[in-house]
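Please study the structure shown below and work through the exercises that follow. Each task is followed by its solution in steps.

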Amino acid sequence: MRYRARGAGGRPRRRLAATAVAVAAAAATLAPFSGGPAVAAEETTPTAPLTIPAQKSRVPGQLVHAGATGFLHKDWQGYAWVAYGDGASVRYDAKGAPEVYGTGTGIARVYDPPGEPKRVVFQDGPTAPERTVTVPANQSFAHVEGGTVVTNEYPTAKTVHVLAYENGVLRDRTVTAPAGAESVTAHVTQGNGKGFLVSYTVGGARRVGWVDLDELVVRPTGIAHDITGRSAPLVGSRVMDFDFRTERLKVWDTEGDLSRPVAEISVPESPSALLGDHAVVREKYQDGDDPFTLYPLDGGEARPAFGADAVLGTQDGGALATVEAADGTYRVHRVRIPDSGSGPVLTPLYEVPLGITRTEQLVVAQGVLHGTENYDYDVYNAAAVVSRNLTVGGDLAAGPRIDRGQDGYNNVPGYCRQVCQKIVPSGDGRLLWIGYPGNIRFVQEGENLERSRWTDTDPRPSDFQSSGRYVAYTQDDGTQKTYKVHDIDTDENVLSRAIEDRLASLDGGTLWVESRTAGVVDAVDVRTGATTRSVKVAGCDLTRLQAVGSAVYWRCATASGVKDVDTGANVPLPAHTSALLGDGYLAHAQGHTVSATPLRGGGATRVIGTVADPVPGRGWTVDRFGGHVGYVDAAEDVHVVPVGVAAPPLRLLDSRPPAEVLDRKAADPAWSGSWWLSKPASSWRIDVRDAAGTVVHTLGGGEARGVVQARWDGKDASGAALPDGLYDWTLTAVPADGEGPALTRTGDVALTRAASLASRAYQPVTPARVMDTRDGTGVAKAKIGPGGTVTLTVAGKGGVPARGVSAVVLNVTATNPTAGTFVSVYPYGTTRTSASNLNITAGQTVPNLVVVPVKDGKVTFYNRNGSVDLIADVAGYHSLTGSGSRFEPVTPARVMDTRDGTGVAKAKIGPGGTVTLTVAGKGGVPATGATAVVLNVTATNPTAGTFVSAYPYGTTRTSASNLNITAGQTVPNLVVVPVKDGKVTFYNRNGSVDLIADVQGFHAP
């Protein structure tokens, strides 16, 4: 019988667990380091490498072929031929053959190298000479039958050939087809060593025939042709013809009359064997041995037979059964029924040797080692994902083996004998993979794969990678390739960019993308889409790109290296076929040897070890989050090797900082934040201090692998609510490896019962210019190009305090636009919406008052089309501290009009002239107490291009402007101006102009 990974009836056999043997697999042993010492300025004394012995397990193996004197069994070591008489066994090596057949006297290995003819190598004993049969180019391989190779003529399908050696000479004999046959083909199902089934066509009708190897003549049968798509195995001289549709079994005798079956009965499933005059049927699949039932061929009552993992019929009418014993040992038994009145008798013949679990995939992140372990690599879905926590400080050791199981619905990790589904660690405990119907799925830290969640990513992504909360992937819709970045936490795409065939590498919140300029890479902030820097790493077209921190690994057709984008240093590399970038080193493979090259301080490349599979992610891996190199050797032992190079200091990959306001009126008032780390931290804490600098609460935790997450309810350590006000916090994370200083981050949080922006305190300031792209005030001296952004730091500028600010009020002016465009102002580090603040036509100058939330002390400006200069004058800010004034709206009322003398003299304001307006007690503004007034100011009838400024009475005017007007134009703008002595003043620069002011509201304590 040809070996196939299947259960009875050709259906995949699925086992969910193997019985682990009590070996010290979880206890790691130490092995000597295989590489020589590196001489590096930043080298550390490496801890001893770690060896995790291969997991051993009891697995049933596979019953491959039952011959006349023994049977062929497959296990993890290869193949064993076992004699029926005494159970003695001899072993065969598959020698890399993807298909192996039993011949009755030995084995046949089938090789199908690409671009070469298929060949079959026979061997009748482990040390016996080999003989090779090469399939001719005009023939296609069907199966092995005894010591012969059965082929079909290709492409005509008119003749079946039997290839065999006779007296040392290879003969090609043909099968005689029935008269009038238009075609004849041999079945791929192996026969019984004496003959095989064929299909042939006569008059357009398909039929099944039997071919005796001694005669090579097609003998017609009554077997329905469509059984070839169902189940028709041979057991000795009998054919089991089972129809899944009718659940009817017909038994045919190849040594008798083939025009009619010798028996026909109903059975629920395809039989595994014929045992005497009974069909042996598996009733159901379950963990452990499955129950089998005997169905008499005369139609009598069925009865239970025995429990077994697998059953295979023998040529003498008996059977073989693999049975699991109470201690987990698997043994192959010979099964007979002594007489018609007795039950089956099982006699043990052969004990299946312990299996070695194969690690088909290896990845590690933040000191957590993940592997896809295939405990029975000849059984479908016998693989599972396992995890182990490695120590991240002190001596290197591995924690207990954690079985994460499999995602059966999505077939993950899959049939690893062919290829495992790619498992990708995020670096914050999550594991990701592509599931059905092509979306990316994930599980949280420590969860079983059966609990996977799906993401709203596009179907059938490719080249996907993950770092922290983000997953990046390529989406090809057939017209263009788009690179997308998805936030797993919010389940939203945050970045979408057409990159054609350019390379990309994700590192936390930064996506490094190959530029359109050869050898140049762009750093893109995935949260804003802004390109933060461009660096030339090589002088050639890139074929590989990886980024970790400031290190960028690049490869071209004839060169490779690692460029430090901060220092400009480039580390040349030895020849290699593949590479993975770690934190402070590059691991690379040449053949089956993996080595590591330090990236900081110089130092020699050192050998890490010899791997069984040189493909990264399968046979070896690196921990790019400050960790080590891992690999699997030929004995399936897993090794973790420190490279002896100090990892860079702990850095922040990404963060979701907590809100600056904790609203006590919320349903669930809480302050929370997440910080993603470049390597593990041994501990972390957050100290919250009041305005006096006193620590009022401390949040803390132990080891953090990848992410620190904190939550606070605004109460002190005793659980008492703290008073409203501004508090500052400091995060401190201590690196677990002891390399570099602790990571610190600071921020503010205001405890308040007023969550809306309008209800927060407003503090007006004397208008001050904080940005002008024309002269470089506040930002670079340059126009903002199409789709470009510029970020302005407002904290600590123009009267705005350095901390405790929730929003800023700016008078923004767009000037010198080269095309019609719009400008948006939004909080720094957030995703821009479709909202606009200014809409401009080419050549126009347009101002507008903008109230924009402040994040990390900054705001960002975006320009849609062309290029434009932007000017920003600060008018005030909203405070988180509670100090300041509140806004009070009024019914709009006109309080000034120079055209008719309302509020001031009836006269235009001349060049360099001013006019002072009393607003206290006018238009709904109180006579006392107003700190600022909100006016809609309109300039009209200007005789020249000019600008108008509104500022507090009795103060020195700054360079800030509120309206920019050309001759003959009428321009309105909203103005928030501080009130002094109940008055405000207006200034005109050039020519003469009329001014109108309508009050909208005021600010008061």
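**Exercise 1: Val524**

Task: State which strand Val524 lies in, whether Val524 is buried or exposed, and which residues it contacts.

Solution.
Step 1. Val524 belongs to strand E48, residues 520-525; strands (E, at least two residues) are DSSP runs numbered from the N terminus.
Step 2. The model is a predicted one, in which local features need pLDDT of at least 70, side-chain atom pairs count only at pLDDT 80 or more, and totals for chains, interfaces and linings use all residues. Residues are numbered from 1 along each chain as its sequence is written, and side-chain values use heavy atoms, with hydrogens and water left out.
Step 3. Because its relative accessible area is 1%, Val524 is buried (under 20% relative accessible area, with a 1.4 Å probe and protein chains only).
Step 4. Beyond its neighbours within four places in sequence, Val524 has contacts (heavy atoms within 4.5 Å) that include Leu495, Arg497, Gly509 and Thr531.
Step 5. From Val524 to Val734 the C-alpha distance is 28 Å, and 210 residues separate them in sequence.

**Exercise 2: Asp241**

Task: Explain why Asp241 is classed as buried or exposed, and name its side-chain partner.

Solution.
Step 1. Asp241 is found in strand E22, residues 238-243.
Step 2. Asp241 counts as buried because its relative accessible area is 5%.
Step 3. Its side chain makes a polar contact with the side chain of Trp252, at 3.4 Å. Such a contact is a pair of N or O atoms within 3.5 Å; within protein, one must be able to donate a hydrogen and the other to accept it, and residues adjacent in sequence count only if both atoms are side-chain atoms.

Conventions: Helix = DSSP H or I, 4+ residues; strand = E, 2+ residues; numbered from the N terminus. Buried < 20%, exposed > 50% of the residue type's maximum accessible area, 1.4 Å probe, protein only.
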